[in-house]
Amino acid sequence: MAQQEDVFKKIVSHCKEYGFVFPSSDIYDGLGAVYDYGQNGVEMKNNIKKYWWESMVQMHENIVGLDAAIFMHPTTWKASGHVDAFNDPLIDNRDSKKRYRADVLIEDQIAKYDEKIEKEVEKARKRFKESFDEAQYRSTSPKVQELQEKRDNLHRRYQEVMNAPGGIDLEGMKQIILDEEIVCPISGTRNWTDVRQFNLMFKTEIGAAAEGSSTIYLRPETAQGIFVNYLNVQKTGRMKLPFGIAQIGKAFRNEIVARQFIFRMREFEQMEMQFFVKPGTELQWFETWKQTRMKWHQNLGFGAENYRFHDHDKLAHYANAATDIEFHMPFGFKEVEGIHSRTNFDLSQHAKYSGKKIEYFDPDTNESYTPYVIETSIGVDRMFLSVLCHAYEEQLLPDGQTRTVLHLPAALAPVKLAIFPLTKKDGLPEKAQEIFNDLRFYFNCKYEEKDQIGKRYRRMDAIGCPYCITVDQQTLEDNTVTLRDRDTMEQTRVVISELQQIVDEKVTITSLLKKLA
Ligand code: ATP
C-alpha cells in the first residue's frame with residue numbers, strides 16, 4: 001500500500017513537471033481542489049473528450065449533442081432536489097479545526113476492518129503455504145471472525161443511519177464515530193462537533209443589487225441542462241424514442257474533503273448522456289448501457305481485471321437501478337463513471353415546477369407519456385487520472401538505466417510524433433523541418449533539435465509520445481528516417497512518404513472507434 005502511495009505521489013509530481021496538471025493559481029500557492037491543465041494535459045484531455053463524444057454522437061444515429069449554459073434558472077435546482085438534498089454530512093475536530101465528511105470517516109473505518117481481515121488471511125497463507133484453505137480459514141479463525149463481526153455490525157449501523165426514514169440520522173452518525181473511537185488523523189483526538197448537513201452547491205448573485213439581484217447556483221452536474229432542453233431537442237430534432245442527448249461541460253461542487261489530486265475537485269468536467277426510453281423498457285436499456293460503457297473503457301487496452309461494476313444496493317429515491325464503473329487506481333478501486341436508471345423523476349419534476357407538459361407522443365401507439373431515462377455520467381478528470389495511473393512506468397532497462405515512460409494509448413497521447421535531426425548541421429535540421437511542416441496538418445507533431453538524441457527520446461517517453469523519427473545523413477541520400485516506437489524502443493527505417501499513413505493508423509480516434517464497433 002505504502003508503495004502504491006509513493007507511486008501516486010510520483011504521478012502527481014510527474015504531472016506538474018511535464019505540463020499535464022498544475023495546481024490552480026500556482027504562484028499564489030494554489031487553491032484547494034482546483035487544478036489547471038498544462039500544455040500536454042489539455043491535449044490529452046481533449047483527446048479523451050473526443051473519444052467519448054464521437055463514440056456517443058457520431059457513432060449513434062439516435063444520440064445528439066448539446067451545450068447548455070452553466071448558469072440555470074434557480075428553480076431548476078429546486079425541482080431536481082439539489083437545493084434540499086444535495087448535502088454531505090460534515091463534522092469538525094475541535095482541536096485540529098479540520099473538517100471531515102462523517103460518512104467518509106465511517107467508510108474508512110469499515111475499510112480498516114477489511115484491511116485487517118485481509119492481513120490475517122495473508123499471514124495465514126504464508127504460514128500454511130500449499131495446504132492453505134482460505135474459505136475454511138475465514139470461517140473458523142476466531143480472530144477473523146471477531147473482526148468480521150465488528151465490521152458487519154458497523155456496516156449495518158451505518159446503513160441504518162444513512163437510510164433513516166426522515167433522512168440521514170445525524171446524531172446516530174456521531175454516535176457511531178464516538179463508539180468506534182475514530183480519531184482525527186491530524187490531532188489524534190476524539191473531540192468532535194455534532195454532525196451537520198452541508199449543501200455542496202456554490203452560490204452567486206445574478207444582476208446588480210439595485211435591479212433586484214437573485215441567488216443562482218453554479219451547476220453541480222450537467223444533466224439538468226439536458227432535462228430542461230428535452231422538449232427543445234426532441235421537437236426541433238424530430239427525435240423518436242429511444243434517443244439520447246450528450247453533453248460535456250464543467251460542474252462545480254463545494255467538496256468538503258478534497259483529496260487525491262484530480263480525483264475529487266471543486267471544479268471539474270463531466271461527460272453525460274441521458275437516454276430517453278419508453279417506460280417499462282428502462283431496465284433492458286440500463287443493461288445495454290452498462291455493457292456499452294464498460295466496452296468503451298476496456299477498448300483502451302488497460303486489461304479487464306482493472307475494471308469492475310459496483311452495483312448500488314442503496315438507491316436514490318428516484319432511481320430503480322444504479323451501478324458504478326470502478327477503475328483500479330493506485331489508491332484502490334474507485335468510481336470513474338456512474339450509470340443510473342433515473343425513471344421519469346427529473347422530467348416529471350420539471351413539468352411540475354415549470355407548469356409545462358413534458359411528454360412524448362408515441363406515433364406507434366398514439367399515447368403520450370413521460371419518458372424514462374438512463375444516464376451515463378463520467379468525470380473527464382477521473383478518466384484522465386485513470387489513464388495516467390495506468391500509463392505511468394519507471395522502467396528498468398537492460399543496460400541498467402531507468403526511464404520514466406507513459407504508455408498512453410496512442411490516440412490519447414498529447415503529442416503523436418516527435419521529429420529530430422540527429423545533429424544541428426549538414427542540412428539535417430532543414431530536412432527535419434520540412435517533414436514537420438508536412439505532417440503537422442495531420443496530427444500533433446513536435447520538432448526538437450536540442451540535446452543528445454537519447455535525452456530527446458527520454459523527454460518524449462515522459463509525455464507518452466508514441467513515435468519519434470530521426471533524420472540522419474542517410475535521409476539526405478534515400479529519403480528514409482528511423483522510426484522509434486515508444487514502448488518497444490525498437491527502431492525501423494521507413495520511407496518519409498509512408499510516415500503519415502503509418503502513424504495515422506495508430507494515433508487517430510478513428511482507430512479506437514473502429515475497434516469499438
Ligand atoms: P462520489 O461518490 O465519488 O462523490 P458521485 O457518485 O457523487 O461521486 P456522480 O454525481 O454520479 O458522482 O457524478 C458522476 C461522475 O462525475 C463521477 O463518476 C465522477 O467521475 C465525476 N465526479 C463527481 N464528483 C467529482 C469531483 N468532485 N471531482 C471530479 N470528478 C467528479
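This is a predicted model: local features need pLDDT of at least 70, side-chain atom pairs count only at pLDDT 80 or more; totals for chains, interfaces and linings use all residues.
K97 sits in the loop between β4 (87–92) and β5 (99–101). I looked up phi for K97: about 60 degrees, a positive value, although K97 is not a glycine.

The one from L241 to P242 is cis, and I read an omega near -5 degrees for it. I checked where P242 belongs, and it is in the loop between α10 (230–236) and β9 (243–252).

**The ligand**

I then turned to the ligand. Which residues come nearest to it? There are 15 residues around the ligand, and the nearest are E255, R264, M265, E335 and V336.

I went through some polar atoms one by one. E335 has a polar side-chain atom 2.7 Å from an oxygen atom of the ligand. For V336 it is a polar backbone atom, with a ligand oxygen 2.8 Å away. R382 again uses its side chain: a polar atom there lies 3.0 Å from an oxygen atom of the ligand.

How much of the ligand does the protein bury? I noted 590 Å² exposed for the ligand taken alone, of which the protein buries 82%.

I also asked which elements give two or more residues to the shell around the ligand. They are β10 (267–277), β13 (332–341) and β16 (372–379). The most comes from β13, which gives five residues. Sorting the shell by type, I got six charged, five polar and four nonpolar residues.

**Two helices**

Last stop: helix α2 (residues 39–58) and helix α13 (residues 380–391). I found them packed at an angle of about 110 degrees, their axes 10 Å apart. Angles of 65 to 115 degrees count as roughly perpendicular, so that is how α2 and α13 stand to each other.

I listed who meets whom. From α2 come G41, M44, K45, I48 and K49; from α13 come V380, D381, M383, F384, V387 and L388. By type, the residues of this contact are seven nonpolar, three charged and one polar.

How values were computed: Residues are numbered from 1 along each chain as its sequence is written. Side-chain values use heavy atoms; hydrogens and water are left out. Axes are lines fitted to C-alpha atoms, for helices over the stretch in contact, and angles run from 0 to 180 degrees between N-to-C directions. Helices (H or I, at least four residues) and strands (E, at least two) are DSSP runs, numbered from the N terminus. Angles under 35 degrees count as roughly parallel, over 145 as roughly antiparallel, 65 to 115 as roughly perpendicular and the rest as oblique. Contact means heavy atoms within 4.5 Å. Ala, Val, Leu, Ile, Met, Phe, Trp, Tyr, Cys and Pro count as nonpolar, Asp, Glu, Lys and Arg as charged, and the others, Gly among them, as polar. A residue is near a molecule or strand if one of its heavy atoms lies within 4 Å of it. A polar contact is a pair of N or O atoms within 3.5 Å; within protein, one must be able to donate a hydrogen and the other to accept it, and residues adjacent in sequence count only if both atoms are side-chain atoms. Accessible areas come from the Shrake-Rupley method with a 1.4 Å probe; for residues, only the protein chains shown count as cover.
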